Amino acid sequence: MGIVEEAHNVKVLGKGERIIVLAHGFGTDQSVWKYLVPHLVNDYRVILFDNMGSGPTNPDYFDFERYSTIDGYVYDLLAILQELQVESCIFVGHSLSAIVGLLASISRPDLFSKLVLLAASPRFLNDEDYYGGFEREELDQLFEGIKSNYESWCLGFAPMVVGGDMDSVAVQEFSRTLFNIRPDIALSVSEIIFQSDLRPVLGQVTVPCHILQSTKDLAVPVGVSEYLHKNIGSNSIVEVMASDGHLPQLSSPDIVIPVLVRHIRCDINVA
């Protein structure tokens, strides 16, 4: 195993010629895909990894300067694909990693046959003629909550984002992976995510995009998926699923997993 593979806890499962990369969002790790993986391993090679800074990774490897922008995660993704000698893949990215996949595809479109984007947002902050879901004051309160009492913040943030109470298995799972992140890293990553604006580069995307969205997602309003569809430079398709929350692959797997599998297997029909 190479240095990059080891640092990101890379796992390669399954068989088949086509490769699928599953990339998780903030607060989770590769275990967030546990309901999807069994549906893929018989037909694809599946690559799983942990983003730097997530609980299973060594926090000493987290370089605050490298990850001061989303580009740090883009470089990581490209390094993983290079070390594994991947020439082309289907990329499935959730939340933060959906945007990472978009950016990576701009610099290396040859590496991606298509992008499946779950709960993606190019900007969380509201702007003139754009509703991202958050006002500046709300983000300031979010950051202050992480600073003042991270454990308490996790217990409040998890049910709000997942969409459920603390008795929910999905909320408990997200609480666990969220709490495993070192607080200073969680603050840094959340500041980068919630204050980034990737709208200006969407037109540079040339890889086909499948945009999947929950009907009710506190972090990403439904209108954001339509914004992506209209502004991404490549062919794209949107499907709004009858699921709640920002981690529907955990909270509503019976609804979301079949949709994910269908979009992985089927390409966009272009008239």
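Guide: Gladly, and one term comes before anything else: axes are lines fitted to C-alpha atoms, for helices over the stretch in contact, and angles run from 0 to 180 degrees between N-to-C directions. Helices (H or I, at least four residues) and strands (E, at least two) are DSSP runs, numbered from the N terminus. The model is a predicted one, where local features need pLDDT of at least 70, side-chain atom pairs count only at pLDDT 80 or more, and totals for chains, interfaces and linings use all residues. Residues are numbered from 1 along each chain as its sequence is written, and side-chain values use heavy atoms, with hydrogens and water left out.

Let us start with two helices, α4 and α5. Their axes are 6 Å apart and the helices pack at an angle of about 135°. That makes α4 oblique to α5; angles under 35 degrees count as roughly parallel, over 145 as roughly antiparallel, 65 to 115 as roughly perpendicular and the rest as oblique. From α4, the contact (heavy atoms within 4.5 Å) takes in Leu-142, Gly-145, Ile-146 and Ser-148, while α5 brings Tyr-150, Trp-153 and Phe-157. Sorted by class, this contact of α4 with α5 has 5 nonpolar, 2 polar and no charged residues. Here Ala, Val, Leu, Ile, Met, Phe, Trp, Tyr, Cys and Pro count as nonpolar, Asp, Glu, Lys and Arg as charged, and the others, Gly among them, as polar.

Helix α4 also meets α7. The axes of these two come within 9 Å and cross at roughly 170°, so α4 and α7 are roughly antiparallel to each other. Among the α4 residues that meet α7 are Leu-139, Leu-142 and Phe-143, and the α7 side includes Ala-186, Leu-187 and Phe-194. The contact of α4 with α7 divides into 8 nonpolar, 2 polar and 3 charged residues.

Now to the pocket itself. On a 1 Å grid over the protein atoms alone, a pocket is an open set of points where a 1.4 Å probe fits, with protein on both sides within 12 Å along at least five of seven lines, and lining residues have an atom within 4 Å of a point. The largest pocket holds about 380 Å³ of space, a volume being the space filled by probe spheres set on the points, which are joined across faces, edges and corners. It has 24 lining residues, and Phe-134, Phe-157, Val-161, Leu-218 and Ala-219 are the closest to its centre. Two or more lining residues come from each of α4 (136-148), α5 (150-162) and α7 (183-195). The largest share, 5 residues, belongs to α5. By class, the lining has 16 nonpolar, 6 polar and 2 charged residues.
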